[in-house]
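My entries follow in the order I made them.

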Amino acid sequence: MEDVCEGKDYSFPLEEEKIISFWSQIDAFKTQLKRTENCPEYIFYDGPPFATGLPHYGHILAGTIKDIVTRYQTMTGHHVTRRFGWDCHGLPVENEIDKALGIKQRDEILKMGIDKYNEECRSIVTRYVEEWETIVTRTGRWIDFKNDYKTMDLKFMESVWWVFAQLYEKGLVYRGFKVMPYSTGCKTPLSNFEAGDNYKLVSDPEIMVTFPIVGDPDKAAFVAWTTTPWTLPSNLALCVNANFTYVKVRNKHSGKIYVLAESRLSGLPTEKPKLSVTNGPSGDSKKSKTKGLSGEKTQNPADSFDILEKFSGASLVGKKYEPLFEYFREFSDDAFKVIADNYVTDDSGTGIVHCAPAFGEDDYRVCIENQIISKGENLIVAVDDDGLFTGKITDFSGRYVKDADKDIIEAVKAKGRLVKSGTCTHSYPFCYRSDTPLIYRAVPSWFVRVEQLKEQLLENNKQTYWVPDYVKDKRFHNWLENARDWAISRSRFWGTPLPIWISEDGEEVLVMDSVEKLQRLSGKEVFDLHRHHIDHIEIPSSRGTQFGMLRRVEDVFDCWFESGSMPYAYIHYPFENAELFEKNFPGHFVAEGLDQTRGWFYTLMVLSTALFGKPAFRNLICNGLVLAEDGKKMSKRLKNYPSPVEVINDYGADALRLYLISSPVVRAETLRFKKDGVFAVVKDVFLPWYNAYRFLVQNAKRLEIEGCAPFAPTDLATLKLSNVLDQWIQSATGSLVHFVRQEMDGYRLYTVVPYLLKFLDNLTNVYVRFNRKRLKGRTGEEDCRTALSTLYNVLLTSCKVMAPFTPFFTEVLYQNMRKGCDGSEESIHYCSFPQEEGKRGERIEESVARMMTIIDLGRNIRERHNKPLKTPLREMVVVHPDSDFLEDIAGKLREYVLEELNVRVLVACNDALKYASLRAEPDYSVLGKRLGKSMGVVAKEVKAMSQEDILAFEKAGEVTIAGHCLKLTDIKVVRDFKRPDGMTDKEIDAAGDGDVLLVLDLHADESLFEAGVAREVVNRIQKLRKKAGLEPTDLVEVYFESLDEDKSAIQQVLNTQENYIKDAIGSPLLSHSVMPPHAVVIDEESFHGISKFNFKISLARPALLFNSEAILPLYAGNTQFARGLQTYLLSRDHSALKSEFQHGHGKIKVDGIENQPPVELTLGKHVFLTVGDYFSTERSGC
C-alpha cells in the first residue's frame, strides 16, 4: 500500500474527480454490466425527466436512491440494466416554445404550420442533455446515457400505440364530453392530478342572481349564488336538493319575493329604511365587502323578511323560470327548469345552484341525467380553446372569460336581477405550467375507464411494497379509491398522436397497434409518428369507395400516458425483448418523489392493471421534497439555496449523497437543505473513516521502514483471533453486514447511515484507540500483524458494504488496499456484497457496548468531582446482575477499562442491592399505545413494585400486572446509588444508565501520586509531538530536563515509572545531559507547575552515537581516521544508513572515505542508531 496524506490535506472533491477518470479509463460501468450479464435480472424503471431544465436537488436525491439500490442489487448477484430516459413531449416543451415565439392563441400555431412548430419543439428537447450527463455522472450515479430512451423515439411511440390498442380492444377506451380542468394558458385540458398541483388563494366575485318563476302568483324568483359570473350566459338549469326545506319570503321593505333554502335565509342581504338621524359618530360605520340593495345589513333576517310559504325541494322540481340571457333560447323546451341532486349543499350560497353544463362537472352530469341536454358531441361550449367567448355569446364575444366577469355583473344588475354582489377569498387551481387560472370546461376527449378498474387497482396496490408504507396505505390508496376516468387525449401538437382513424360518418373506427399495420392499410411508408408526418395519411374505407377515406383524429396523448407506458415502450415491447419483459414483469423497483403518487406511480398502476391485471412494480421508495434552509421552496429567483455543483465542489458527491439519504426526505418527509449538514457528514463520517484507514497504512509501512517483511494481510478464514477486541470488531463488522443487508433488502436506506456512524465510532474510538500499542508493534511483530490484518479486513469489508452509498470514497480506499493482496478485483464495484461469515459474537458485542458505557460513566463521575483522567484512582466497582458480562469486564476487558479510566483495581459485583436501590418505571412510549385506558392502572402497579418483585421480574424476564403480560422491554429498572454508611460523596460516588451501575472510590492515595505525574509527563510529550506536526510513525528521541533546584523528587518518579513512560511514548525518556552535540532538535518546550514540578521536554531527530573505544582499534588508534569516520556517518541519511545495516544483518563496510582504509562496522558495538539504543544496550549489559 502507498503512503497517504493527512486528513486535513485530503481533498474529497479532487479524489472523486480522479476516480471518475479511473472509471472512464477501465470503462467500469459497461464492464460491470458485462460481468453480470448471466446473472438474474433485476428490473429497474427510471422515470423520465424533462431535459428542458437543469437537474436540481430533487433529481439528485431520486437519482442517488436509484443508484444505491441498483448498485446494491448488482453486488448481490443481479444484472441491472440502467438506461436514462427523457420525457420529450407535452406541455412543458410546448409552453417553452409558445413563450419563445410569443404565441398566444391556437390559430397562430396552425398558421405557422404544425410541421414547423413541432420541429421547434424537437429542437429544445435535448437542450440540457450534456449538462444532465455531467452532473449525474459527477454525483457518482452509474446509468447509460448513450443507450438512453426518449419518448419521442419511433420505437417508444410505437409501443405507446400498442398499449392504447390493447385498452381499446378491452373496451376500456371511449370518447365523450367531460368537464375537465382546462388551462387557457396552455390551451389544453389537464388531468385531475395535474390540476391539483398548483392551488392559490385568490379573490373572486360572488353574486346572488334572481331567476323569476314562470307562472308564480306572487311573482317570486329563485335566488342562486355563484363565484363564476362568466358561466351565467350558459345557464340551462337550476338545481335544488330534494331533501332540503325551501321557503318563499317577502322583503318587508322592498316587497320583493324570493325562494331559497330555509337554512340559507341568513345569506340574503337584509334591508332597513334609511334613518335621518345617525346613532353615534359617523366614523363608527363600517363598509361591508358585500353589498345588498341598501348596502346595510341587520343581524336577524326575520327583521327584514316575512316567510310566506315552506315546501320541500322535491316539490320545486320541474318548475320553469325565465332565463337570464337569451343566448340559448332554442333549448327552452327542455331547459330553464328546476332539477334536483344531492350534490347541492347548504353550507354556503342559497341552496340553489345555477347549472351551466359546459362548465361544471356536476352541472354536466345532472343536466344529462335530467335530459336538459343529451349525451354526445353536440353540446355547445360557448368558450373557445383560448378561454374567449365564442360568437354565440354575442354581447361578450372575443372576451377572455375572467376579464368579462365585471361586465356580466353589470349586465345582470341592469336587468334588475342582481340581489347581492361582493368578493370571496378561496383556494383556486392554477395551471402548473402557465400559472394561469384554470377553468372547468367541457371538452371532447378520449378516456380510459379507470372507475371500472377501481377494485382491481386497490387489490394490485396491496401487492406492492412501499417505503414509507403510509404513502401506499393512505395517500395512494385514497387516490385510487377516488379515481375517475382518465382523459388521455390532448388537443395539442407535440406528442404521440392517437392512433385512431375514423370515417367521415363516424361509423368506421380503426386503431393502429403498430407502424406495420398503418403502412399496410395506408400503403404509405412511415418513418416518424409525429403529427406532421402522419396527419395526412388516409386509409380507404373497408366498406367501399363511396364511404370515402378514414382520417386520423387530431388529438395527441397526454404525456402521462407515455410515461405510464414506459415499462413496455423503453424496450419496444412487444415488438422486441418479449422474453425479457414477460419473465421479469412486474419490475422490481421504482423511486420518485411524493408528487408522483398522483402522477407516474398512478399511471404506471392504471396501465399495468388494464393491460395485465398486475401492478407495474414490486418495490417503491417515495421521497419527500427538498426545501431551502428557510423552509421555503427552492427558488432560482430568490437564490435561497447553494447550487448542487457548488456543494459537490466544496465537499464531494459522497458527502452530499449520505446527507440526503440519511435525512427525513427518504421517508417522504421534507428536508430543509443545509450546506453545513453536508460538511457535518465530512467531519463526522468521512474523516474518522479516513483516519482509521490512514492509521492502517502508516503502521503497515512502518513494518517495512523497520526492516520487517512487507505487510501482507492474513485472510479472515485463516486469521486466529485470540485478542478480545479483534474478536469484537470482527463480530461488529458481521453485524454491520447483517444490518445493511437487512435494511437494503427492506429498501430502508435512511437507517444505514446512523448505524455506520456508530460502527465508525467503535472502529476509531474503541478498536484503533485501545489497540494503538499492538498496531504500532509494541507488543511484538506477530501480534502487530494480527491486529493490522484485523483492521485491514474490517476496513475492506466496511468499504464493500458502503460501496453502493459512497462509490467514490470506497473506491479510493479499495484501490490502495488491494495492493496488499493478490487476486483482487479491479474495482470495488466488481466485488460481491459481503456475506455474513460465521456466528456473530453477540455476547462480546454487548459486553464491549457496556464497557464503553462504564467508561463514559467513569468520566462523568471524574468531571463531577474535578478529578482529571491523569489522576489515578484506587478502585472501581461494576454492579450488574449478568454473570457473563461481569466475567468479561473483570477478565478480558479489564485492562482496557482500567487504563482508560486510570484506575488500579476493578471489582465485579452481582449483588444489585449492595450499592443500589431498585425502582421500576413503565416505558410509556412502548406501553401507551398497547394498553390504552389500562395504562394508568398498570403504571401505578409497576411503580409500586418492591425490590424483591423487581429482582424476580429481571430473573423471569416477564411479569403479569392487571392482566397484562409485561416483558423486560416494557419496564425500565432504575438503579439508584446507595452510598455505604459513613462515606461522603467526596469519598465515593456512582453513576448508572438504568442497566449498569459504576461505583468509583475517590479517596486520595499518595501511592498513586507518581503514576499521576508520569501520565502528566506523557501528556505533555504527546502534545509537543502534535505541535511539532509529527506523524505517529515519525521516530524522535525525547529528552527530559528538570528545572527544579531539587531534582531528586522528579528523578524518583521517572525511575519508578520508567516502563510506563517508555511503553506510552514508544522509546526511552532520555536525560537532557546525554543529548549529543550533533542532535537536531525539532521542538522543545518548558512546563511549570505540573504536579508541582517544572521541566523541559526536547524532541530531537534520532542521532547516531559512537563508541570511540571500539572504533579506534579499527584504525590502529588513529584518532584522525576515527573522527573522519564519524563525520562521514553523520553526513549520511539516517534512514538510508538504517536500511543498510538491516540488509547487512547489523554490519556494513565503509570503504568510501578518501585516504582512509576500509573498515567493517557492527551495529551496537561501534555505532548506535539512536541514543536510546545505546542506553538500552548499556543497561542490558551487552
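**Entry 1: Thr-151**

Leaving out neighbours up to four places away in sequence, I find Thr-151 in contact with Trp-86, Asp-87, Cys-88, His-89, Phe-156, Met-157, Thr-496 and Glu-562. I keep in mind that this is a predicted model. Thr-151 sits in the loop between strand S2 (144-150) and helix H8 (154-169). Is Thr-151 buried or exposed? Its relative accessibility is 0%, so I note Thr-151 as buried. I then looked for a partner of its side chain. The side chain of Thr-151 reaches the backbone nitrogen of Cys-88, at 2.8 Å.

**Entry 2: Ser-1098**

I went on to strand S38 (residues 1093-1100), which holds Ser-1098. Ser-1098 has 1% relative accessibility and therefore counts as buried, the cut-off being under 20%. Which side chain makes a polar contact with that of Ser-1098? I find Glu-1084, at 2.9 Å.

**Entry 3: Thr-790**

I found Thr-790 in helix H26 (residues 781-802). Its relative accessible area is 0%, so Thr-790 is buried. Beyond its neighbours within four places in sequence, Thr-790 contacts Leu-719, Leu-721, Asp-726, Ile-729 and Tyr-767. I checked one of these pairs by distance. Thr-790 and Ile-729 lie 61 residues apart in sequence, yet their C-alpha atoms are 8.2 Å apart.

**Entry 4: H12 against H13**

Next I looked up a helix pair. Two packed helices are described by the angle between their axes and the distance between those axes. For helix H12 (residues 454-462) and helix H13 (residues 469-481), the axes come within 9 Å and cross at roughly 165 degrees. H12 and H13 are therefore roughly antiparallel, since angles over 145 degrees count that way. The crossing of H12 past H13 is right-handed. Which residues meet here? From H12 I list Lys-454, Leu-457, Leu-458, Asn-461 and Lys-462. From H13 I list Lys-472, Phe-476, His-477, Leu-480 and Glu-481. Sorted by class, this contact has four nonpolar, two polar and four charged residues.

I stepped back to the loop between strand S14 (438-448) and H12, where Glu-451 is placed. Glu-451 has a relative accessible area of 41%, so it is partly exposed. The side chain of Glu-451 reaches the backbone nitrogen of Asp-485 at 2.9 Å. Setting aside neighbours within four places in sequence, Glu-451 contacts Ala-483, Arg-484 and Asp-485. Ala-483 is 32 residues from Glu-451 along the chain, with 6.1 Å between the C-alpha atoms.

**Entry 5: H22 against H24**

Helix H22 (residues 675-705) packs on helix H24 (residues 752-770) at an angle of about 35 degrees, with the axes 10 Å apart. H22 passes H24 in a left-handed crossing. H22 brings Asp-684, Val-685, Pro-688, Trp-689, Ala-692 and Phe-695 to the contact. H24 brings Leu-756, Leu-757, Leu-760, Leu-763, Thr-764 and Val-768. By class I note 10 nonpolar, one polar and one charged residues in the contact of H22 with H24.

Last, I checked phi and omega. Most residues other than glycine have a negative phi, and most peptide bonds are trans.

- Asp-27 is not a glycine, yet its phi is positive, about 50 degrees. Asp-27 lies in the loop between helix H1 (12-26) and helix H2 (28-35). At 37% relative accessibility, it counts as partly exposed.
- Lys-219 also has a positive phi, about 55 degrees. I find Lys-219 in the loop between strand S5 (199-212) and strand S6 (221-226). Its relative accessible area is 75%, so Lys-219 is exposed.
- Asn-902 follows helix H30 and has a positive phi near 55 degrees. Within H30 (residues 894-901), the buried residues are Tyr-896, Val-897, Leu-898, Glu-900 and Leu-901.
- Tyr-573 and Pro-574 are joined by a cis peptide bond, with omega about 5 degrees. Pro-574 is in the loop between helix H17 (566-569) and helix H18 (578-583).
- Phe-585 to Pro-586 is a cis peptide bond, with omega near 5 degrees. Pro-586 is in the loop between H18 and strand S23 (587-593).

Note on methods
Residues numbered from 1 in each chain as written. Predicted model: local features only at pLDDT ≥ 70, side-chain atom pairs only at ≥ 80, totals over all residues. Heavy atoms only, no water. Axes fitted to C-alpha atoms, helices over the stretch in contact; angles between N-to-C directions. Helix = DSSP H or I, 4+ residues; strand = E, 2+ residues; numbered from the N terminus. Parallel < 35°, antiparallel > 145°, perpendicular 65-115°, else oblique. Left-handed = near helix turned anticlockwise from the far one by under 90°. Contact = heavy atoms within 4.5 Å. Nonpolar A, V, L, I, M, F, W, Y, C, P; charged D, E, K, R; others polar. Buried < 20%, exposed > 50% of the residue type's maximum accessible area, 1.4 Å probe, protein only. Polar contact = N/O pair within 3.5 Å; in protein donor to acceptor, adjacent residues only side chain to side chain.
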